[in-house]
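Welcome! Please take a moment to look over the sequence and the model shown here, and then we can walk through them together.

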Amino acid sequence: MENVLTGQKIVVSRSDEGVLSGSARFIILSEIVFPFILLILGVALGLLQALARAGILKTSHYFGWIEYYQGLTLHGVINAIVFTTFIIVAFSNALMLFTLKRPLKMGVQWVSWTMMMVGTLMAAFAMLTGRANVLYTFYPPLIAHWTFYVGTVLFVVGSIIPFFLDWIPNYRAWKRENPSARMPLAVLGTFVNFTLWFVMLVPVALEILFQLLPLSLGLVDEINPLLARTLFWFFGHPLVYFWLLPAYIMLYTILPKIVGGKLYSDPAARLAFMLFLLFSIPVGLHHQYTEGGLSANYKLLHAFLTFMVALPSFITAFTVAASLEYGARQRGGRGLFGWWAKLPYFNTKGDQWLFSYFVSGLLLFLIGGITGIINASYNMNIVVHNTSFVSGHFHTTVGGLVTLSFLGISLYLVAKLRGTEVAFKKLAVAMPYLWLVGFFIFDVAKSIVGIMGAPRRTNMGLSYADSASPLYQPDWLIWNHLTSLGAVIAVVGFVLYMVSFFGTLFAKRTAEPSVEMPIAESLHDKSAPVLSNFRPWLIAMVVLIAIAYTQPLIESFRVPEKSPAYKENLPVPMKMMQGGQ
Ligand code: HAS
C-alpha cells in the first residue's frame, strides 16, 4: 500500500481486519463512552454555574447537595481533565492502529485502562462526597482528601503508559518494515504531544507526591504554596497544548480530506508540531504575573516565550485556511472569498458532517487566540487576571476548538467502531453551530464584565448579583445574563449531540467495525529531515526549560513563608458576610 502523506510504499504485515481485535474495540469505545457519561454531569454543572453567576439561581448548594465550589471542581476536572485525557488516549490509540496497521498491545492497554478508570473513580469519590472542593488547579492552601491525589496520579500515569509501551514499540516495528518511509504526520503529532505530556507530568508529580499528599495525610503541617503553584503552572500551561495538539492533528490530517482537498503543506504542519515541543513548557509564569516572590525579569521572559508559542498556531491558521481554500476550489469555489460558500457547512453526506465541528471550533479559536495574547501581555494581564475575562478565554479554546473536535471525533469513532451510520446526522450537524453561537455570546459577555472587574470562581448569586448583598453590582447583571443565555444555547446543542451520540451507540450494525480514518494527502510535501528528527528539538526544549525555570524554582524554594491546609469549606463571600477573615 501507499502512504497517503508521503507517497512512499508501505509494507503492511497484517490485514486490516486482524488489527482491530474485539478487546481493542472495547478499550477504545469505553474510553469514549465512559468520559462522555461523566461529561453530561460536567456540562450540567457548567449551566448551573452560569445561572448562579447571573443571580438567576441564588443558592450555595445545587439540589441541596452539590456545594458551589464542589460543582466548580467537578465541572473543571471532568470537562478539562477526565474527558479530554480519555478522548486523547482513545483517539491516539485509533490513530496508531489505522496509521501503523499494527495491533495494540493488549496487556499494556488493559493496565492503562484499569489505572485510568480506577484513578477517575477515586477522584470522583473525593469530589462527589465534598472532600475535594479544590478546583481543577488544586493549589494550596486548598487541600483535598488523599484519594483525589492518588486517583489523579493513577489516572495520568495510566494515560501515558501506551505511549512508551505500545505506540513507540509499534512505530519502531513499522519503521523496520518501512525503512525509507518518513514518520507519518499523525504519528509525529501524537509523539510530540505525549513527549510534552511526559515532561510536564514531572513537576506536577513532584508537587502532589512531596507537598499535597503529605499535607493531606497529615504527615506535614504546612507546605510552601509558592513552590506548589510554580510546579503546578510548569505543568498547567503545557497541559493546554496537550489538549490542543490532537485537535491540530485532526485539522491537518482529517479536515482537508473531508472538504475534498489536500493538506496545503506537510512541512508547515511538522514545523508547527516541533515548535510546540520547544515553546509549550517554558511559559508557565504567565499565570503567575501577579505572584509575589518571583522576579519580574523571568516573568517578562515567560511573556516573550508565550508570544513564541502563539507562532505554531499562526502557522496552523494559515495552513488550515490554505487547505480549506484548496478543497473549496476543488469543489468549484471561485473568487477571492467566493470559495467560502463551497465548504460543506451543512452537508451530511459521508463524513462531511464532521466539517461543522472543525469550522465552528476554528472560529471560536480565533477569539480564543486573541484573548490568549491579551492575557499573555504582561501589563494587560493585570486588568484581566482572575476576572471572568479568563473564563471567556478558555471557553473558546478548550471549551471551543478542543471540545468540538473531540465531540466530533468521538461520534465518528463510535460509528466506525460499532459499524453503524451516525444517527440523527442533522442534529449532529446543528450542534456545533449552536455551540459556536452560544460560546460566542458567552465569551463576549464574560470578557466585557471581566474588564469591568467581575471575578472568576465566585458564587455571584449570593454576592455581586444579589440585590440584598452589600457587594451587589447592578452594572454587571446584563452581561451575566447574556453569559447564561450563551450557556443555555450551547447546552441545547449538547442535548442534540447526546441524541445523536446515544442513537449511534445503540443503532443496528450495518457494516463491519473498523478504525478507518479519512487522512489527506499533502499538496506540498518536500520536507527537511530535521522536521522528522526529534533529537535537536528535544535538546533545544531542555535548554529552554532550564533557562526559563532554574531561577524561578530557586526563588520559589527560597521563600520562607509556609502555609497550613485551608480546611474551612465556606465560599469566600459568605465567609466575609459572616465576619470571617
Ligand atoms: Fe490560555 C489562561 C495565554 C491558548 C486554555 N488558558 C488559560 C486558562 C485555560 C487556558 C484553561 O498568558 C485558565 C487557567 C486557569 O484556570 O487559571 N493561552 C494563552 C495564549 C495562547 C493560549 C497566548 N489557552 C490556550 C489554549 C487553551 C488555553 C489553546 C486550551 C486548549 N492563557 C493564556 C494566559 C493565561 C491563560 C496568559 C493566564 C491568564 C491569567 O491571568 O490567569 C495561545 O496559544 C493562543 C494562540 C492562538 C492563536 C489563534 C490561531 C487561530 C486559529 C484559527 C484559524 C481559523 C480558521 C478558520 C482557519 C494565535 C488556528 C477559517 C474559517 C473559514 C470559514 C475559512
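Is Arg 457 buried, partly exposed or exposed? With a relative accessible area of 21%, Arg 457 is partly exposed, where buried means under 20% relative accessible area, exposed over 50%, and partly exposed in between (1.4 Å probe, protein chains only). You will find Arg 457 in the loop between helix H14 (425-451) and helix H15 (477-505). Its phi is near 55°, a positive value in a residue other than glycine.

Before going further, a word on what you are looking at. This is a predicted model, in which local features need pLDDT of at least 70, side-chain atom pairs count only at pLDDT 80 or more, and totals for chains, interfaces and linings use all residues. Residues are numbered from 1 along each chain as its sequence is written, and side-chain values use heavy atoms, with hydrogens and water left out.

Now step back to the whole chain. Its secondary structure comes to 17 helices and six strands; helices (H or I, at least four residues) and strands (E, at least two) are DSSP runs, numbered from the N terminus. The chain has a radius of gyration of 23 Å, close to the 25 Å that the globule rule gives for 581 residues, so it is as compact as a globular protein of that length. Here the radius is taken over C-alpha atoms, and the rule is 2.2 Å times the number of residues to the power 0.38. Along the principal axes, the C-alpha atoms fill a box of roughly 75 × 45 × 45 Å. Of the 581 residues, 61% count as buried. Among contacts (heavy atoms within 4.5 Å) with a separation of 6 or more, 84% are between residues 24 or more positions apart.

Which protein residue is its donor? The only one is His 393, through NE2 at 2.2 Å; donors are N, O and S atoms within 2.8 Å of the metal (3.2 Å for Na, K and Ca), and water is not among the atoms, so sites may look incomplete. His 393 sits in helix H13 (residues 388-418).

Two buried residues show how parts of the chain meet. Ala 54 belongs to the loop between helix H2 (22-53) and strand S1 (61-62), and its relative accessibility of 2% makes it buried. Its C-alpha atom is separated by 6.4 Å from that of Leu 477, although the two are 423 residues apart along the chain. Leaving aside neighbours within four places in sequence, the contacts of Ala 54 include Ala 465, Asn 480 and Ser 484. Ser 556, in helix H16 (residues 534-558), is buried at 0% relative accessibility. Not counting residues up to four places away in sequence, Ser 556 touches Asn 224, Leu 226, Leu 227, Thr 230 and Leu 294.

Finally, visit the loop between helix H4 (106-128) and H5, where Pro 141 lies. A cis peptide bond joins Pro 140 and Pro 141, with omega about 15°. Leu 135 is in the loop between H4 and H5 too. Leu 135 has a positive phi of about 60° although it is not a glycine, and it is buried, with a relative accessible area of 8%.
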